[in-house]
Amino acid sequence: MFSHVMIGTNDLDKAKAFYDSLLSTLEVRPARVDGHRIFYITKTGVFSVTKPINGEPATCANGGTIGFAANSPEQVDKWHAAGVAAGGTPIENPPGIREGAGNKLYIAYLRDLDGNKICAMHRMPN
């Protein structure tokens with residue numbers, strides 16, 4: 001559970017264009033801009049991107065991943081394609097099923113424009 005997830009960026013305009021494109025595939029409206037931050041607000045949580053307020057460059061979290069819920073494998077594939085088209089970098093395996101601990105997940109991973117590791121995931125029926 002979380003109330004929100006916030007990551008840093010060095011270029012808010014580029015980050016907004018990237019995430020607007022990426023998250024639209026998950027039926028999320030374009031971001032609201034609030035000064036040095038952008039917010040994506042949904043019924044299930046808030047995702048935000050900010051220019052660091054301490055004036056230092058944004059860096060990605062080592063070992064961190066932010067996962068976005070998807071409604072279907074097709075939606076994961078659209079998310080991945082939109083992310084790559086918007087400048088994201090594919091990482092790990094291509095989109096597909098991952099199994100473990102009795103779960104089947106359809107998942108795709110990208111690095112965003114600032115190097116943050118993000119994924120889209122759909123839980124497959126058992």
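Here are legends for a handful of close-up views of this predicted model.

Residues are numbered from 1 along each chain as its sequence is written. Because the model is predicted, local features need pLDDT of at least 70, side-chain atom pairs count only at pLDDT 80 or more, and totals for chains, interfaces and linings use all residues, while side-chain values use heavy atoms, with hydrogens and water left out.

View 1. Four strands line up here as β1-β4-β3-β2, with mixed pairing. (Strands are DSSP runs of E, at least two residues, and helices are runs of H or I, at least four, all numbered from the N terminus; two strands pair if DSSP finds at least two bridges between them.) At the edges sit β1 (4–8) and β2 (32–34), each pairing on one side only. β3 and β4 run antiparallel to each other over six bridges, and I41 stands opposite V46 in β4.

View 2. (The expected span is 1.5 Å times one less than the number of residues.) Where α1 starts, a side-chain oxygen of D11 comes within 3.2 Å of the backbone nitrogen of D13. (A polar contact is a pair of N or O atoms within 3.5 Å; within protein, one must be able to donate a hydrogen and the other to accept it, and residues adjacent in sequence count only if both atoms are side-chain atoms.) Among the buried residues of α1 are L12, F18 and D20. (Buried means under 20% relative accessible area, exposed over 50%, partly exposed in between, with a 1.4 Å probe and protein chains only.)

**View 3. Y19 and the nonpolar core.** The largest nonpolar core has 24 residues, and Y19, F47 and W79 are among those with the most contacts inside it. (Such a core is a set of buried Ala, Val, Leu, Ile, Met, Phe, Trp, Tyr and Cys residues joined through side-chain atoms within 4.5 Å.) α1 gives the most to this core, six residues. Y19 touches Y40, F68 and I118, among others. (Contact means heavy atoms within 4.5 Å.)

**View 4. H80 in helix α2.** H80 belongs to α2 (residues 73–85) and is buried, at 13% relative accessible area. Leaving aside neighbours within four places in sequence, H80 meets P90, P95, A108, Y109 and L110.

**View 5. G88 in the loop.** G88 lies between α2 and β6 (89–90), buried at 9% relative accessibility. Its contacts beyond four places in sequence are F18, G83, R111 and L113.
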